[in-house]
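User: I would like to learn how to read metal sites in a model. Please take me through them step by step.

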Amino acid sequence: MVQVEAGVHLVTGRNTNWVIVREGDAVTLVDTGYPRDRELLLASLDAVGAAPSSVAAVLITHAHSDHIGSAEFLRAEHGVPVLAHRAEVPHARRDFLHQISVGRVLANGLRPGVLPWAVHALRSGGTRETPVAEPREFPSPGPLDVPGRPVPVHTPGHTDGHCAYHLPHTGILITGDALVCAHPTSPLHGPQLLPDMFHHDRARALASLATLEELDADVLLPGHGPVHRGAVRAAVRHAREQAGPAAPAR
Ligand SMILES: [Zn+2]
Ligand SMILES: [Zn+2]
């Protein structure tokens with residue numbers, strides 16, 4: 001758990017991150033880890049002095065199981081609204097699933113790091129279904145009326161409704177899986193796209209980097225990997241270079 005700025009914490013669970021933004025007695029929670037991260041998640045809230053019931057909203061970057069593992073728990077047990085982009089709402093409900101299949105993982109199983117990651121993901125509840133019964137779309141465009149006043153930034157590709165969240169006052173950008181800083185299945189260092197197999201639409205994910213680089217941000221809080229300090233424009237350039245002009249199909 002890293003305090004990034006006063007009131008803003010990046011927490012790393014079982015390979016996946018969530019962010020707590022505290023303002024007074026209330027907090028905004030961005031993502032919720034794997035299903036089996038629940039105890040860690042509750043402990044992280046407790047560490048910043050927040051009860052689950054003082055979570056003003058769960059904002060989800062996207063509805064993969066390593067990000068929404070406890071969203072329904074907080075909604076159903078503590079009345080916390082769960083907000084997502086309109087295009088991600090049906091994904092969060094599991095009207096459909098855009099997540100890498102076990103078969104596709106196995107097809108990539110000879111790549112370095114993939115099998116250990118897959119075993120870890122299974123143990124973390126990665127294949128357990130945790131749909132959100134009543135996810136809500138953002139009430140209006142622009143900043144959300146919750147602690148930190150985060151601004152959702154639609155960055156489709158990893159999933160159709162993926163959103164980053166920008167905190168303009170602090171220069172913080174929560175990038176989710178649109179731009180990560182490390183992953184157990186990746187040999188790369190620093191800001192990067194996830195390996196191709198994880199994206200619903202990789203070309204669109206690559207194109208969404210252009211949306212991120214327009215933002216005024218110099219602290220990146222990714223869905224996977226450590227905090228990255230440096231201008232988002234340079235981080236995006238780095239990720240594009242790593243991705244190559246036309247990465248081979250995998
Ligand atoms: Zn994801
Ligand atoms: Zn993820």
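Predicted model: local features only at pLDDT ≥ 70, side-chain atom pairs only at ≥ 80, totals over all residues.

User: Which residues are the protein donors of the zinc ion (ligand 2)?

Analyst: Donors are N, O and S atoms within 2.8 Å of the metal (3.2 Å for Na, K and Ca); water is not among the atoms, so sites may look incomplete. For the zinc ion (ligand 2) they are D66 (OD), H67 (NE2), D177 (OD) and H224 (NE2), at 2.1 to 2.5 Å.

User: Why is the arrangement around the zinc ion (ligand 2) irregular?

Analyst: Four donors count as tetrahedral if all angles lie between 85 and 135 degrees; four count as square planar and six as octahedral if opposite donors are over 155 degrees apart and all others between 65 and 115; anything else is irregular. Here the four donor atoms subtend angles of 90 to 158°, which makes the arrangement irregular.

User: Which residues coordinate the zinc ion (ligand 1)?

Analyst: H62 (NE2), H64 (ND1), H158 (NE2) and D177 (OD) do, at 2.1 to 2.4 Å. This site is irregular too, with angles of 89 to 174° among its four donor atoms.

User: Which residue bridges the two zinc ions?

Analyst: D177 bridges the zinc ion (ligand 1) and the zinc ion (ligand 2), which lie 3.3 Å apart.

Conventions:
Residues numbered from 1 in each chain as written. Chains lettered and ligands numbered in written order. Heavy atoms only, no water.
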